[in-house]
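Hi there,

I'm passing this structure on to you, along with a few notes on what turned up in it. Have a look at it here, then read on below.

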Amino acid sequence: MGRTRRTAKGFDVSRAKDFLNYLSNDKPLFPWMIALILIVWSIERWFMCFTNFVPLSVAVWATYQYGNYQSQIQAKDLERRWKQVMSNASPVTPLEHCEWFNKLLNEIWPNFVNPKLSLKFSSIVEERLKHRKPPLIEKIELEEFSLGSCPPSFGLNGTCWSMFRDQRTMRTSFDWDTTDVSILLVAKLTNPLMRIAKIAVKNVHIKGELLLRPILDGKAVLYSFLYSPEVRIDLAFGTGETQSLPATEFPIVSSWLVKVLNDTIEKTMVEPRRRCLSLPSVDLRKSVVGGMVYVKVISASELSVRQPSLEGYHIEKDLSTFVEVKLEQLSRKTDLRSGTKPKWNASFNMVLHDEMGILKFHLYESNPGNARYNHLATCEIKMKYVADDSVIYWALGPDNGIVAQHAEFCGKEVEMIVPFEGMDSGKLTVRLILKEWHCSDGSLSLSHLPLSGSSSSFTSKTGRKISVTVVEGKDLIGMHKFGKCDPYVKLQYGKDIQETKVVRHTTSPVWDKQFEFEELTNGEYLKIKCYSDDTFIDKNLGGAQVSLEGLIDGCPRDVWVPLENVDSGDVRLKIEASKIDDNDGSNAWIELVLIEAKDLVAADRNGKSDPYVRVHYGSVKEKTKVMYKTLNPIWNQKFKFLDDGSHLALYVKDHNTVLPTSSIGECVVNYQQLDLNQPCEKWVALEGVKNGEIRIRITRKNFEVEKRLSFESETCTIKAHRNSCLMKQIMIKLDTLVDGDDLGEVSESLRELERLYVGQEEYMIQLETEKKLLLDKISELDHEILNSSPP
């Protein structure tokens, strides 16, 4: 039963399957080649039945590919045997010497190791689930993830040490077979009869050989599997209720989850890929969420690419190369340089969004007359935060060795020489400076800032406003044929969206526009999106996220933010936090007067429009009267809102009796910078249309609470009563129109009734707000009377 399955003639079926899998993975167009071969063969047999050219060609090609496949297998087998010889030649530690480690792991696993690893691996699994799912599942999410209370076992077959180029490596067995895991997935199925399914992991079994490499004098350990471990997962299924389903109902899901786990381990923890565990001497208990990295690509050496000549030997090829630097979604490119020892000396400002990151350096060759670049080689440098505010850098060295550096503090420059993977020779020299770490408590790990006793300055997360000034940009991507663009920037913080003006025909614009946001308590990022203005669809020039944690009152932060998902582009921001003045706006309200509009877009066939304006202030919505058959309407209508810093937007609509109303422009009114009791009258250009402007007068007023309450309460009460009377009249009118045939008048009456109903809800909300303010004022007066009265 354990032998390889063969046919009667001795044909090895498993080897044939492995060879076909090799062709399908190494040759993505292999299925199309089969179809093409069959078509050519059928044509040959139809027209030239006496020849066998196509089968002979296929046989020669298959023989050549099979020879390459066998050579790769033999190379892997030799490498495996060499590793076994090196391991067998190393001293073996007796079994009893590993028991202390397993006992210690049993004690610290439930309360320390399990929560930390569960949090780390759950984020990795969630990222994998987003990009890979079987056709049976439409959407899948991770609901619960815990590795349980049973730790893995190490060194059941003993451990051994080996030396390679003055680097010590410990090899030990890894065996983890547990039923105590708590991993639950919720899947949305494509099957219409069974939409929701829950997938629970009952058992996990991982067995393999683990390699541990201490680096930097014991300050960190690199760990990896010697080869792909044996992985087995047992699942239980449910339909979203309590009943369970057999695993045979979802055969694809079981194999898919095993493949996801295998791929995750293969791409992160199997030689030569290694992960790092830092062992700091001081643990400051900080949770790092990102950092700023300065990367300088200095030069390369020993670059050479050989190409065959007519005489049968290889000649050296002249190179024109550049390097692309990637960190997560951020990428930058150096200039083009010639020769086998190019010098770029290009510096880039990169943003890291985690405590660990991978800098990837891709070497490309530029061929004259060819629009595509030839990828030559790649190398990686990994970096990791250490809890004493230092940084560890490591990379794959020559002959599968290790290149590691340690920066004892933020701001220290580290130079590394890393060999390119995929080339016989070639090394890259880079300098790295991790300028600062961003912590989740809002603090910054800087060499010039205190590391302890200063967190109290960052605890205030409410009652502050964030001032963001979009100063300028540089090296933006040119969208025009002359290499220029028309850039503008959109800022989003929470639900608040602000926008700069458009600067024409430049890649280094200067906006110098200030915006204000109310600080949120959930650690919301400031999102930046840069666009180039266009007639039809605005072109994307890149975006980025900026953490606003760690801002100190009165200490502005001036940063250049690199734009992601583009080759170049930076935006300079000045960010400052300050406390909101309790007297500034607490008793304020907004008075908006919509005066008139001009040069509106014609929406009707007669070249006119029936314009009106919908005013949105936060959740409050108002509407002007309709001005029929004009492009220059005059409304002169006044609206009032309690000043809570909400978004104020105007939507100009064309009124239609039967058809849906159409938009003829919109705009956003920025009122936060207005002085109190100082009216501002201006023309505002409408967006989303070719032409059109609207004239407004807006004032931020501040009266005493008692006057405002008495004034607005009376106004809201009168409006609510008048609305109720109008609604009753319309209901009586509708009763008389139901028996008639005038559908247009019925439709107009229903629209008017809907408008009055919306207005009635808004008045009720305002009355509830005023009631709450009045009760708070009464409560304050009650406390003052109690405090002032004698005991």
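E681 is partly exposed, because its relative accessibility is 39% (the class lies between buried, under 20% relative accessible area, and exposed, over 50%, with a 1.4 Å probe and protein chains only). R695, at 24%, is partly exposed too. The two form a salt bridge, with their closest N and O atoms 2.4 Å apart; the term means a side-chain nitrogen of Lys or Arg within 4 Å of a carboxyl oxygen of Asp or Glu. R695 sits in strand β40 (residues 693-702) and E681 in strand β39 (residues 680-685), 14 residues apart. Strands here are DSSP runs of E with at least two residues, numbered from the N terminus. Through shared partners, salt bridges join E596, E681, R695 and R697 into one network.

A word on the source: this is a predicted model, where local features need pLDDT of at least 70 and side-chain atom pairs count only at pLDDT 80 or more, while totals for chains, interfaces and linings use all residues. Residues are numbered from 1 along each chain as its sequence is written, and side-chain values use heavy atoms, leaving out hydrogens and water.

How many salt bridges are there by this rule? The count comes to 19. Another one pairs E516 with K465 (3.7 Å, N to O). E516 belongs to strand β28 (residues 510-518) and K465 to strand β25 (residues 464-474), so this pair ties together parts 51 residues apart in sequence. E413 and R431 also meet in a salt bridge, at 4.0 Å from N to O.

Happy exploring!

Methods: Helix = DSSP H or I, 4+ residues; strand = E, 2+ residues; numbered from the N terminus.
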